[in-house]
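Take a look at the model below. We will walk through a few of its places, one at a time.

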Amino acid sequence: MKLFRSVAACLAMSVALPALPAVAQDAVFPGDSTSGTYFDYMKTVYARAGNPEISMLPLTSFDKEFEIVGLGAESWEQSEDGLTWTFTLREGLMFSDGHPLTAEDYVFALQRAATDGYDFAWYWDFAAGIENWNAVVNGEADVSTLGIEAVDDRTISVTTASPKPYLPSVVSLWYPVPKHVWDEHGDDYAVNVDTLVASGAYMVESWEKNDNTITYVRNPNYTGPWPGELDSFEVNQSLGQPEVGLPAFMAGELGLAYLNRGQIPFMEERMGDNIRRNAIFAVSYISFDLDAPPFDDVNVRRALALAVDREEMTSTVLADLAIPGASILPPGYPGHNQAIVDQAVFDPERARELLAEAGYPGGEGFPEVEIWYRDQGGYNGAITAPMLQYLQAEYEEHLGITMGIRVMPIQDWMQALTEETNNLFLSPYEYDYIDPSNFFGIFYGGGRHDHRLPEYDALVEQAGSASEWEERLALYEEAEQILLYDNVSVIPLVHPIQTFVFADGISGEATVPTENGLSASSRLTPYFYTHLTVE
């Protein structure tokens, strides 16, 4: 693939920059979305304003080593039958207005989510398996039958339809809603600074509605773990893209900037000690309509898998943007299995043999196909075009297959994926919680794809309920073997990485890489913002 090596070598900086940045004068960090109305993660996830999770206190969360830590919850325990979890809140928790934060605020948050068209409602069935969740969401049962209860001010009981040994990880996205404020203002409490109250280490001081830039200050009434070390900081949502973020960084207006591929060599030469990399727990993979020709033939799918040189792709057109992805689970993620990874090889000769066995020698007679992908920014936006173009060239060179490319709005892409209006997709997925069940669950029972493999489903279901970690790992290994190699339902391609640079004067535990050389980024909230200091 000499073409791609040449392209990689010739990529230039996309912006003109001064020689060296000034020290950041203020604690300003980039965001990633200027849209959204409600500053409430439990009202909307996909259309939330800014980053409300900075000022909200989840029951649990993860540190930079991705070890689970109790935040709102002091402790938790699972019943002997595995179906009931009891979470005990920390004593003395309160909102920023001084009102006590109790179990009722957490329970109310999920009761409202189940009855108010929450766009993340699927998570609490798919991941948590809360008893009667779908029945309540679909209006078939009263909210009082939901498997959650505030036993007293400090005790939450959660009943699941089947054992969920990883539930403490799932509830890292369970935030409280201040019921005493909601009772007075309804959902609109979350659209005005004057009625916002915080449960986390920081609270909102100001909010620019035109672009959702928000200034945070310490919450004086916060008594939980990870108290904020910054007196105040701003998250500027308009500076998330590297093309605008790095110039602001170089001018001393930003404490951190995310880098695109053209900017990385420039900044490594000038501020190499300040560069950090974050392995995003995500995967990009090819998926198929398994019932539609030509991809209903497993030999066709195997041929496509063997014709991808992941090492070359990630060292050329995706250099510094992704690492080879030969597994559903990214490296460092619990359950990542090297035995699965080692089976993924680049073997174009065998790929051609399989394609011939399927009736398409040298690609002759193979229908023209089109791979569909969703239009988006961030790290996915950075890798999409070069990855698709690389795949297009690989399949033409090694298999004689012509593959078109179509990029579409995310809502159209998702509808096409679920309704199978095309037979070939490039699909991204990023973790929602830290457990193998998160990734394997997206293929369970059809999941986000109409892949119904009874043997796979049985293994995933058994692994999800097993109490012993080693037993779970063995079951997930069997399931992944079926998914990737026996049936070739999907073809994992890459795991994205994110490269960013800190300004001089920004320090704290969040800036210190882990033993594997990776660092926390703002995606790891609330850990990131509570473990930074500005000199």
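Which residues form a negative surface patch? They are Glu-455, Glu-477, Glu-478 and Asp-486. This is a predicted model, where local features need pLDDT of at least 70, side-chain atom pairs count only at pLDDT 80 or more, and totals for chains, interfaces and linings use all residues. Residues are numbered from 1 along each chain as its sequence is written, and side-chain values use heavy atoms, with hydrogens and water left out.

A patch takes residues with over 30% relative accessible area and no salt bridge, and joins like charges within 9 Å. A salt bridge is a side-chain nitrogen of Lys or Arg within 4 Å of a carboxyl oxygen of Asp or Glu. Asp and Glu count as negative.

Helix α17, residues 469-486, gives the most to this patch: three residues. Helices here are DSSP runs (H or I) of at least four residues, and strands (E) of at least two. Glu-455 sits in helix α16, residues 454-465. Why is Glu-455 called exposed? Because its relative accessibility is 56%, and exposed means over 50%, buried under 20%, and partly exposed in between (1.4 Å probe, protein chains only).

Stay with helix α17, which also holds Tyr-485. Leaving out residues up to four places away in sequence, Tyr-485 touches Arg-302, Ala-326, Ile-340, Val-341, Gln-343, Ala-344 and Glu-480. Contact means heavy atoms within 4.5 Å. Tyr-485 and Arg-301 are 184 residues apart along the chain, yet their C-alpha atoms are separated by 9.8 Å.

Now move to Asp-320, in the loop between α10 (310-315) and β14 (322-324). Asp-320 is partly exposed, at 30% relative accessible area.

Definitions and conventions. Patches are made of residues with over 30% relative accessible area and no salt bridge: like charges are joined within 9 Å, nonpolar side chains (Val, Leu, Ile, Met, Phe, Trp, Tyr) within 5 Å. Accessible areas come from the Shrake-Rupley method with a 1.4 Å probe; for residues, only the protein chains shown count as cover. The place of a charge is taken as NZ of Lys, CZ of Arg, CG of Asp or CD of Glu.
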